[in-house]
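Opening the notebook on this one. I'll jot down what I look up, in the order I get to it.

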Amino acid sequence: MDSTDGQIIRRLYISDENKNVIRKVTVPGSKSITNRALLLAALSDKICTLEGALFSDDSRYFAKALMNLGFHVELDEENKKAIVYGNNGVIPEKQGKIYVGSAGTAARFLTAMLGFSDGEYVIDASEQMKKRPMNELFTVLEGLGARIDYLEEKGCLPVKIRGIFADTTEGMDENEVVDISLDISKSTQFLSAILMTASMIKKDVFVHITSSKKNGSYIEITRKVMSDFGMPSEFDGETYKVPYCDETDDEKEFAYHIEPDVSAASYFYAAAMICGLSVIVNGVYPDSMQGDMKFLKLLESMGGRCFDDNNGIMFVGPADGEYNGVDVYMNDFSDQALTLAVVAAYAKTPTRITGIGHIRGQESDRIAAIVNELNRAGIKCNELDDGVEIIPGTPCGAGIETYEDHRVAMAFSLLGLKTDGIIIKNPSCTRKTFEDYFEVLEGLYDY
């Protein structure tokens, strides 16, 4: 499937002999859980073994940044394991420089940690990450006493940041609690960053949400992983509370299992939907904490079916890949908007996706990417204020621009399963979260 111009996607022809074969797929560990666990492990007072960890560009940037800050981190990529020696809420090195690449989780989570520190650091990032929103988090940290010097554009990375405890004459006041106001309309990662690092302040922390969006699936992942690490939180519908607790237990070692990435699994469920296949993604079960499980429910509403299996959920696409479009508000699982857009290209009726205006500010302007690339492939797609409308048809071959966005590359590869001539340009951008994606996709053909 390789080409000097990009990744050629072969059409997937299903014979009568293999139409009912169950295809089994293994995907990497969850990026969202891996990077949250890396941070919480570093802030803990234990030696934490993270099993099933993701190894991709994003997680490697995160682990490398922790090492540059003086944390002891051992990586075993072959066995998908990371061991992090926690330092009880203290960053070992008091000065340093880290590079977060294009990893939004690393950028937001580590910025909060350094803001609540007693040192001074430089945070650098890729050109792509420098364009993504950070100002809401910087405003909170500056309000609490951190000093931030913008090295390029105000409100964006790169920055030099001096933590709130770096000077004995500055920083936190003597109040018993810390009150924070935060807008999470552009990214819930700002809230996750503050919740996970709140223990460094050593006070009860209250985060009052000022935006109309108050919660979300990724926030719930954050709170679940925090709870697993012994850090409870509370939410009353408007305000999050992280109570400070200085009690420790006698256990000095902690093992944590990371679920397979449901975002990655969703591409293969979508492939099953488009082609009328049966697919099991190993290790993905109905009790997963990840918000993209809603994508499975959405595919079911369009005509797919889910069955429990000992190895993981088995998803069965509708016979001959025939299904209707859908009108759906995807704010809480927007990472799959691109995937649904490609599924919608092969539907029998139009699809309308709303609630995804914020994805304009992710690795690429993903709404523009949906519109541009579907139209390039001969499918009419109209841009809405906060989403898209897709009129299904018969796609044609096209060279798909990926905008250095891993999700554009993976989602639009599915277009080639039923259309000849689809080429994914710059396919290596999938290294961000799923570096062997195309090899795993090729496995669908091996039946």
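I started with Val-25, whose bridge partner in strand S16 is Val-281. S16 covers residues 278-281 and pairs with strand S3 in the parallel sense over four bridges. Pairing here needs at least two DSSP bridges between the two strands. Strands are DSSP E runs of at least two residues, helices are H or I runs of at least four, and both are numbered from the N terminus.

Before going further, I noted that this is a predicted model: local features need pLDDT of at least 70, side-chain atom pairs count only at pLDDT 80 or more, and totals for chains, interfaces and linings use all residues. Residues are numbered from 1 along each chain as its sequence is written, and side-chain values use heavy atoms, with hydrogens and water left out.

Back to S3, residues 22-25: I find Arg-23 and Val-25 on its covered face, while Ile-22 and Lys-24 sit on the uncovered one.

**Four-stranded sheet**

Next I looked up an open sheet of four strands, ordered S5-S6-S4-S15, with mixed pairing. Its edge strands are S5 (72-76) and S15 (253-257), each pairing on one side only. Inside it, S4 (residues 47-51) pairs with S15 in the parallel sense over five bridges. Thr-49 stands opposite Ala-255 in S15.

**Helix pair**

How do the axes of helix H1 and helix H2 cross? H1 (residues 31-43) and H2 (residues 57-68) have axes that come within 10 Å and cross at roughly 5°. That makes H1 roughly parallel to H2. For the record, angles under 35 degrees count as roughly parallel, over 145 as roughly antiparallel, 65 to 115 as roughly perpendicular and the rest as oblique. The axes are lines fitted to C-alpha atoms, for helices over the stretch in contact, and angles run from 0 to 180 degrees between N-to-C directions.

From H1, the contact (heavy atoms within 4.5 Å) takes in Lys-31, Thr-34, Asn-35, Leu-38, Leu-39 and Ala-42. H2 supplies Asp-58, Ser-59, Phe-62, Ala-63 and Leu-66. By class I count six nonpolar, three polar and two charged residues in this contact. The classes: Ala, Val, Leu, Ile, Met, Phe, Trp, Tyr, Cys and Pro are nonpolar, Asp, Glu, Lys and Arg charged, and the others, Gly among them, polar.

Most residues other than glycine have a negative phi, and most peptide bonds are trans. So I went looking for exceptions. The bond from Leu-157 to Pro-158 is cis, with omega near 5°. Pro-158 is in the loop between strands S9 (147-150) and S10 (159-162).

Asp-320 has a positive phi, near 60°, and lies in the loop between S18 (314-316) and S19 (327-329). At 48% relative accessibility, Asp-320 counts as partly exposed; the cut-offs are under 20% for buried, over 50% for exposed and partly exposed in between, with a 1.4 Å probe and protein chains only.

Asn-426 also has a positive phi, near 50°. I found Asn-426 in the loop between strand S24 (422-424) and helix H13 (437-442), partly exposed at 33% relative accessible area.

**Whole chain**

Last, the totals: I have 13 helices and 24 strands. Of the 447 residues, 59% count as buried. The C-alpha atoms fill a box of roughly 75 × 45 × 45 Å along the principal axes.
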